[in-house]
Amino acid sequence: MPAKPAAPPAVTAEDAGGGRRVRRILAVLALAAVQPALYLPGLVHDFFDLKIYMRAMDWWAAGNPLYDYVQPDRVQGELYFTYPPFSALLLLPFGALPLGATVAIFTALTVLAVVVTTRWLVLPVIDRHHLPRLFTLVVAVLLVLAVESTRETITFGQINMLLVVLILADLLFAVPQRRKWAGVGVGLATALKLFPGIFIVYLLATRRWRAAIVASVTAAAATLLAAALAPRDSWRFWTHELWATDRVGRTDYTGNQSLFGLLSRITAPEQPSRLGWLLLVAVVAGYGLWRAVRAARAGDALAGLALTGLVGALVSPITWTHHIYWFIPAVVVLADAAWRADPSTVAGGRRRRRLAGLAVGTTALIVYGVVTFYDWGVAPARTDSPVEFLVRNTYVLLSLLLLVTLPVRAEAPGRKPAPGREKSHQMDGLPE
């Protein structure tokens, strides 16, 4: 009789585990290998914004008026120092360092902030769904580093991630846990750069009265400290420079991904109607903050702050691409809600596919970006085709889409709703 063929060796758990490890390592290496290609176009920025800050500090330290400093730019024309005086006080010591040292410090702090904040965002999702911790964290950090807003922050030498750390520490930990210092982070961020002031409005809208007062007092105290140390520059900023949007560049430039930028690209070279813009701002801010409040009352702090950040980006007259970090927490919310959906039911399966598709699509858009791979020219140019309208306003349209579709998740098991907050019965779905 012919011999029976030998049975194939059984796959052991150790073999399967080794295979998974290899696949994970290859996935991490592939993501890491893509990073240089994504960062290469941005190297032309050569830390341009950071150089403006440092030259402005040298100018100021020499006894000149801070807001007289101006630097020519090929695209934007003349650029000035535009941050509040409190930011200037914090930047002033860096002016005494060699520029290379300052670049290294800013870059290292930004990367560290990405690691810390990404860990804050994804650890609850990892634990809830029993995902491999180290692998998921590394992949998440690499994806955040790949996003255009992060790339632009690093290659321009911006301070955005410092603001993100302050805001997330406040709204994800201090405020929900009712710490005595809740609101300090948002207040400091607002004093450094006005955009975070939208989160004080969010605290008021969600009736976190104490945190809102602490944030307001902190912002005011930091501003008054700057006024005491630099009275003339502070008076000039708050009475004049704050309102001069032409000091920060062309509003029609594609890098300005705000509602005002969208309207400016339609009317260029003329400015859009301020009344029409304000009406649009009122509608978008009202709806977006209403949804953010609903999220907060349902116990979904992450969705609430993501929605608020997107509202802030839309309503600000100038929102450069490096300002829009808030797509990142939105993607985390989408991914978590997709995992939570029950695929064993028809409705749950559809919800999972819809939310997963939106998460993947959003990630792809914010990684590819709006300005990285295009030269949008140096002169005002009116949007003159539907395709160009979509491409030049990608982040604006994506922000509006997420204001409507970002799911509000139910409270985590075992958590009690805050007193005075009604608990939403919506679970992982689209807006009520």
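Okay, housekeeping. It's a predicted model, so local features need pLDDT of at least 70, side-chain atom pairs count only at pLDDT 80 or more, and totals for chains, interfaces and linings use all residues. Residues are numbered from 1 along each chain as its sequence is written, and side-chain values use heavy atoms, with hydrogens and water left out.

So, the overall picture. We have 18 helices and two strands; those are DSSP runs numbered from the N terminus, H or I of at least four residues for helices, E of at least two for strands. Of the 432 residues, 50% are buried, where buried means under 20% relative accessible area, exposed over 50%, and partly exposed in between, with a 1.4 Å probe and protein chains only. If you take contacts (heavy atoms within 4.5 Å) between residues at least 6 apart in sequence, 73% of them join residues at least 24 apart.

Now, α13, residues 274–297. How far apart should its ends be? At 1.5 Å a residue, its 24 residues should span 34 Å, and the end C-alpha atoms are 34 Å apart, so that agrees. The expected span, by the way, is 1.5 Å times one less than the number of residues. At the start of the helix, a side-chain oxygen of S273 comes to within 3.4 Å of the backbone nitrogen of L275. After α13 you meet G299, with a positive phi near 90 degrees.

What does α13 pack against? Its buried residues, including W277, V281 and R291, pack against α9 (197–205), α12 (259–267), α14 (301–315) and α18 (394–405).

F237 and W238 make an edge-to-face one, 4.9 Å centre to centre with 90 degrees between the planes. F237 counts as buried because its relative accessibility is 2%, while W238, at 31%, counts as partly exposed.

Key
Polar contact = N/O pair within 3.5 Å; in protein donor to acceptor, adjacent residues only side chain to side chain. Phe/Tyr/Trp six-rings, centres within 6.5 Å; stacked < 30°, edge-to-face > 60°.
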